[in-house]
Amino acid sequence: MGFKCGIVGLPNVGKSTLFNALTSTASAQAANYPFCTIEPNVGEVAIPDTRLNDLVAINNSKNTVPTRMTFVDIAGLVKGASKGEGLGNQFLANIREMDAIAYVLRCFEDPNIIHVEGKINPLSDAEIVETELMLADLESLEKRIPSLEKKAKSNDFEAKTLLSVARKCIEILQLGQPVRVLSLADSERDDFDILNLLTSKPVLYVCNVDEGSALNGNSYSQKVFELAEKEGAKAVIISAEIESELSQLDNNDRQELLNDMGLEEPGLVRLIQVGYDLLGLMTYFTAGPKESRAWTVPKNSTAPRSARAIHTDFEKGFIRAEVISFEDYVQLGGEQKARESGKMRIEGKEYIVRDGDVILFRFNV
């Protein structure tokens, strides 16, 4: 499990340039981090994690399997997308499949690139994107209400609870706010997820800045970060221009360019890190001579829930987890010495897996 991130934005904000640059950079990474093109607008990239390299080296693993992230360059957003303008329906359907949405916002001046709205205003751009998604959600809910009301009148309990949540969503949308801001009881969460609304997706604002602003941002990106903080969203600064340059270089030249820019890592890595934080994800590992592998699970996952990432049978037949912290595993040189030093712990069903744990699951089905 990695996550699927849809990249959206108005025309001429650098959305496709950024997508092409990020996925090209990924394809130029070392063999451990392959990139594959699923469709012309879908790129799957391995998530760089130096910890996995350490585990491979210690175990002399034959195979390395990083966790993965899928970028989807979602075309078709213009004013009126919710009513079918541009690629309207296709655009909206693609977003429903995403775990998170990256709003690419133009935070640079360039007289040679005309802005579709005639001015540079990233907050206005974000509002246009959000408005189209809210309008689509409102229309979707209003179509579902009559059917839910009919079922609720016949004492269908599930329809009653779903209708209640749907009405709450309509109320917040009519106030001009996305449904993700709703405060819901735990008992309402499943119904909320069933509705699968566009504005329920976590949002990551990507500030596409000029080359000179790549390190510290500019006045445009500052406003976007303020918006993100206010909304409880996330924001990241990336220069699509720099990412395009990086994508055409080999590893040594790429690092040299990053150093010249004062940047520690490519935008791909920063985007993934912020995305993981946004979705509350973490990584644990399995390691051995045959394979060392990274697994992505939600933070605060129990051991059985984490085992599910490998296979549902691991969760169903969970017996115990044999856990070594990453630090102990590396410091002691692997599983056997960690066992001998008493650093391997036997954990049960209530154990909350920690980021970086190296785990061997015992199960029976």
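I count helices (H or I, at least four residues) and strands (E, at least two) as DSSP runs, numbered from the N terminus.

This is a predicted model, where local features need pLDDT of at least 70 and side-chain atom pairs count only at pLDDT 80 or more, while totals for chains, interfaces and linings use all residues. Residues are numbered from 1 along each chain as its sequence is written, and side-chain values use heavy atoms, with hydrogens and water left out.

Over residues 26-38 pLDDT stays under 50. Where pLDDT is low, the predicted coordinates should not be read in detail.

Next I looked up α4. Helix α4 has 32 residues (122-153), which should span 46 Å at 1.5 Å a residue, and its end C-alpha atoms are 46 Å apart, which agrees; the expected span is 1.5 Å times one less than the number of residues. I noted a kink of about 35° at Ile145, shortly before Pro146; the bend is the angle between axes fitted to the seven residues ending there and the seven starting there. Just after α4, Asn155 has a positive phi of about 65°.

Conventions. pLDDT = per-residue confidence, 0-100. Contact = heavy atoms within 4.5 Å.
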